[in-house]
Amino acid sequence: MDHPPAEQLDVLLTRERIDSRLRDLAATINNDYAGREVVVVGIMSGVVVFLSDLIRGLEIPVRLEFLNASSYRGASTSAGELAVDISGLPVLTGQHVLLLDDIFDTGHTLNRMIGIISAMQPASLQSAVLLWKTERNETGLSPDYFGFEIPNKFVVGYGLDYDGLYRNLPDVRVIPE
Ligand code: 5GP
Ligand code: MG
């Protein structure tokens, strides 16, 4: 598959819909975490746009950490082996951790991260994703917070890439099969 120009890709979620949903999501998180400090752990790199928009709606004290995970897709839209690098992550014992990822598909990425962070014995551990492909769950896990349920299509934009491209699109668009 080549890299079609962005204008040729169908828009699934407009920037306006995303903005409005993220305001609600931030309000819910502010309410649920009231009186607590949270460590937001972002799973790089697809999460960067969602994370930067969401955290600016948070009014609780926030610390920010990142880890790297990639499923080696390249120019394919199906996941390969999951590679995880947590070398930049501090020990999170006793912290309230909110794991952030761009999209929940099979659930393997979040499942693996939850295993790694749980072993550090945080005070609490929850997850938030922008997009949730509810049809594809292979782990029985579900995110604690999500922005939108979407069909099982390969999407790009708002941080998500196809073969490294399209992360800068302000909306979420669909790569044709
Ligand atoms: P999971 O491990 O839940 O199957 O997949 C999660 C990861 O796969 C996400 O962090 C994301 O990097 C990638 N992924 C899954 N579906 C899509 C998609 O539709 N578009 C893009 N760009 N990445 C996806
Ligand atoms: Mg990812």
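**Salt bridges, and a few other spots**

Let's start with Asp19, which is partly exposed because its relative accessible area is 25%; that label covers values between buried, under 20%, and exposed, over 50%, with a 1.4 Å probe and protein chains only. Before going on: this is a predicted model, where local features need pLDDT of at least 70, side-chain atom pairs count only at pLDDT 80 or more, and totals for chains, interfaces and linings use all residues. Residues are numbered from 1 along each chain as its sequence is written, chains are lettered from A and ligands numbered from 1 in written order, and side-chain values use heavy atoms, leaving out hydrogens and water.

So what does Asp19 pair with? Its salt-bridge partner is Arg15, with 3.0 Å between the closest N and O atoms. By salt bridge I mean a Lys or Arg side-chain nitrogen within 4 Å of a carboxyl oxygen of Asp or Glu. Both residues sit in helix H1, residues 15-32, and they are four residues apart, about one turn of the helix. (Helices, H or I with at least four residues, and strands, E with at least two, are DSSP runs numbered from the N terminus.) Arg15 is partly exposed too, since its relative accessible area is 32%.

How many salt bridges turn up in the whole structure? Seven. Take Arg136 and Asp105, whose closest N and O atoms are 2.8 Å apart. This one ties together distant parts of the chain, 31 residues apart: Arg136 is in the loop between strand E6 (124-133) and strand E7 (145-150), and Asp105 is in the loop between E5 and H3. Is Asp105 buried or exposed? Buried, because its relative accessibility is 10%. Arg136, on the other hand, is partly exposed because it comes out at 28%.

Next, Arg167 bridges to Asp161, with 3.4 Å between the closest N and O atoms. Arg167 counts as partly exposed because its relative accessibility is 29%, and Asp161 gets that label because its value is 24%. Some bridges also share partners, and that joins Arg15, Asp19, Asp53 and Arg56 into one network.

Now away from the charges. Ser45 lies in the loop between E2 and helix H2 (48-55), and it is partly exposed because its relative accessibility is 32%. Look across from Ser45 to Asn68: their C-alpha atoms are 7.2 Å apart, though 23 residues separate them along the chain.

Last stop, Leu64, in strand E3, residues 62-70. Leu64 is partly exposed because its relative accessibility is 36%.
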